[in-house]
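Me: I am new to this structure. Please show it, and then take my questions one at a time.

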Amino acid sequence: MMGGYGSMMGWTWLFWALLILGIVLLAVLAVRFFSGGMNRGGTGRGQGPGTDGPAPGAGAARRILDERYARGELSTEEYRDRLKVLGDDT
């Protein structure tokens, strides 16, 4: 016959697992919030797709695109298409 504590011992691992998962989730959300993230899918602070003008991170995106083109990872056609997407096809 089990005492009162025996039946609760089986659920203790679930409590601790959920507690750790909650702490990790809060930490991830805090890092994303304070680093200016959370703009996937147009739900964050930046401009979403389809807006006129370059987005706030367009300078960094253009630099990465230029580097990839210089390394030969992109063809000229791919490079020009992606410049159009960035709104910097001048």
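Reply: A contact means heavy atoms within 4.5 Å. This is a predicted model, in which local features need pLDDT of at least 70 and side-chain atom pairs count only at pLDDT 80 or more, while totals for chains, interfaces and linings use all residues. Residues are numbered from 1 along each chain as its sequence is written, and side-chain values use heavy atoms, with hydrogens and water left out.

Me: Among contacts between residues at least 6 apart in sequence, what share joins residues at least 24 apart?
Reply: The contacts counted here are those in the protein between residues at least 6 apart in sequence. The share of them that joins residues at least 24 apart is 13%.

Me: Which element has the highest mean pLDDT?
Reply: pLDDT is the predictor's confidence in each residue, from 0 to 100. The protein has a mean of 77, with 63% of its residues at 70 or more. Where pLDDT is low, the predicted coordinates should not be read in detail. Among the elements, H1 has the lowest mean, 85, and the highest, 89, belongs to helix H3.

Me: In what order do the elements run from the N terminus?
Reply: Helices (H or I, at least four residues) and strands (E, at least two) are DSSP runs, numbered from the N terminus. The protein has three helices and zero strands. The order is therefore α-α-α.

Me: Is Tyr-79 buried or exposed?
Reply: Buried means under 20% relative accessible area, exposed over 50%, and partly exposed in between (1.4 Å probe, protein chains only). Of the 90 residues, 6% count as buried. Tyr-79 has 12% relative accessibility, so Tyr-79 is buried.

Me: How many aromatic pairs does the structure hold, and why is the pair of Phe-15 and Trp-16 given its type?
Reply: Rings of Phe, Tyr and Trp (its six-membered ring) pair if their centres lie within 6.5 Å; planes under 30 degrees apart count as stacked, over 60 as edge-to-face and the rest as tilted. A search of the whole structure finds three pairs. The rings of Phe-15 and Trp-16 have centres 5.2 Å apart and planes at 75°, so this pair is edge-to-face.

Me: Which helices does the pair of Tyr-69 and Tyr-79 link?
Reply: Tyr-69 and Tyr-79 are stacked, at 4.3 Å centre to centre with 20° between the planes. Tyr-69 is partly exposed, because its relative accessible area is 32%. The two residues are 10 apart and link distant parts of the chain: helix H2 (residues 58–70) and helix H3.
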